[in-house]
Amino acid sequence: MTSQHYFEPRPKAAHRPGLVRVVLPDVYLELATDSGVFSPGRLDPGTRLLLERAPAPPAGDLLDLGCGYGPIACVLAARSPGATVWAVDVNERALGLCARNAEAAGLRNVRVAAPDDPAIPGRFAGIWSNPPVRIGKAPLHDLLRGWLSRLAPGAGASLVMGRNLGADSLHAWLEQEGWSVTRLAARSGYRLLQVSPTIPERTRGDSR
Ligand SMILES: C[S@@+](CC[C@H](N)C(=O)[O-])C[C@H]1O[C@@H](n2cnc3c(N)ncnc32)[C@H](O)[C@@H]1O
């Protein structure tokens, strides 16, 4: 069972190369996929909602948390050539695909990294994520707590999640943790949340 999760560090599934075309008004990309990574057969509808409706990426260090084969990282990099997009994932097969896809698309501003890579900067000018809900609620909360705390002053995070996977309870939890949360868009059961700091970092999470 565990070997079939898309968040397995080293997927054991036999390789099954595929291709996903990302067609947006401003970006067209052909991305290689494989078995053992998230949504290898099509651009995930939640990811599409995020790419269509999230705020435009600024320059600076940006984070795609849980990059998979790289649809978010590559689109951010294409939209903001002055940014360095850190594409982070635990799944080595996903990291390999993301690196290959960025290179094939000529996106030299994508940096692929495992979460513990010391090269990853301490602060981000923005975070974009279709987060790994299936790791479980407590691990997801820990994951988000850790990475959201690395938002630079004035920066925000765009998170997309399925309603049936807990988007509304995540929204409530983020507010409890002291974040300001706006629902930017909702479509086909997905919610796009924009998260930004409201209170000084040192007091965030103290209400728990
Ligand atoms: C829902 S998928 C999204 C993939 C890709 N961004 C997309 O939109 O197609 C979530 C990703 O998070 C990754 N992930 C799971 N646990 C993680 C962790 N602790 N740190 C970083 N990424 C993680 C999974 O391997 C998976 O690729």
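Strand β3 (residues 60-65) and β6 run parallel to each other and are joined by three bridges; strands count as paired if DSSP finds at least two bridges between them. This is a predicted model, in which local features need pLDDT of at least 70, side-chain atom pairs count only at pLDDT 80 or more, and totals for chains, interfaces and linings use all residues. Residues are numbered from 1 along each chain as its sequence is written. Strands (E, at least two residues) and helices (H or I, at least four) are DSSP runs, numbered from the N terminus.

W128 is a handy landmark: in β6 it is the bridge partner of D64, and W128 also stands opposite S158 in β7. Strand β7 (residues 157-162) pairs with β6 in the parallel sense, again over three bridges. Between β6 and β7 the chain passes through helix α4 (residues 137-148), making a right-handed β-α-β crossover; that is, with the strands pointing away from the viewer, the path from the first strand over the helix to the second runs clockwise.

Which way do the residues of β6 (residues 126-129) point? G126 and W128 point one way, I127 and S129 the other, and all are buried. Buried here means 20 or more other C-beta atoms within 10 Å of a residue's own, exposed means 12 or fewer, and partly exposed lies in between, with C-beta atoms placed from the backbone. In a regular strand, side chains alternate between the two faces of the sheet.

## The β1-β2 hairpin

Strand β1 (residues 18-23) pairs with β2 in the antiparallel sense over six bridges. V20 has L31 in β2 as its bridge partner. The two strands, β1 and β2, form a hairpin with four residues between them.

## Helix α3

Helix α3 covers residues 92-104, and its 13 residues should span 18 Å at 1.5 Å a residue; the end C-alpha atoms are 18 Å apart, so the two agree. The expected span is 1.5 Å times one less than the number of residues.

The buried residues of α3 are R93, A94, L95, L97, C98, N101 and A102. Their cover includes β2 (28-33), α2 (71-79), β4 (83-88) and β5 (110-113), with contact meaning C-beta atoms, placed from the backbone, within 7 Å. Just after α3, G106 takes a positive phi of about 75°.

## D168 in helix α5

D168 lies in helix α5 (residues 167-176). D168 counts as partly exposed because it has 13 C-beta neighbours inside 10 Å.

Methods. Contact = placed C-beta atoms within 7 Å.
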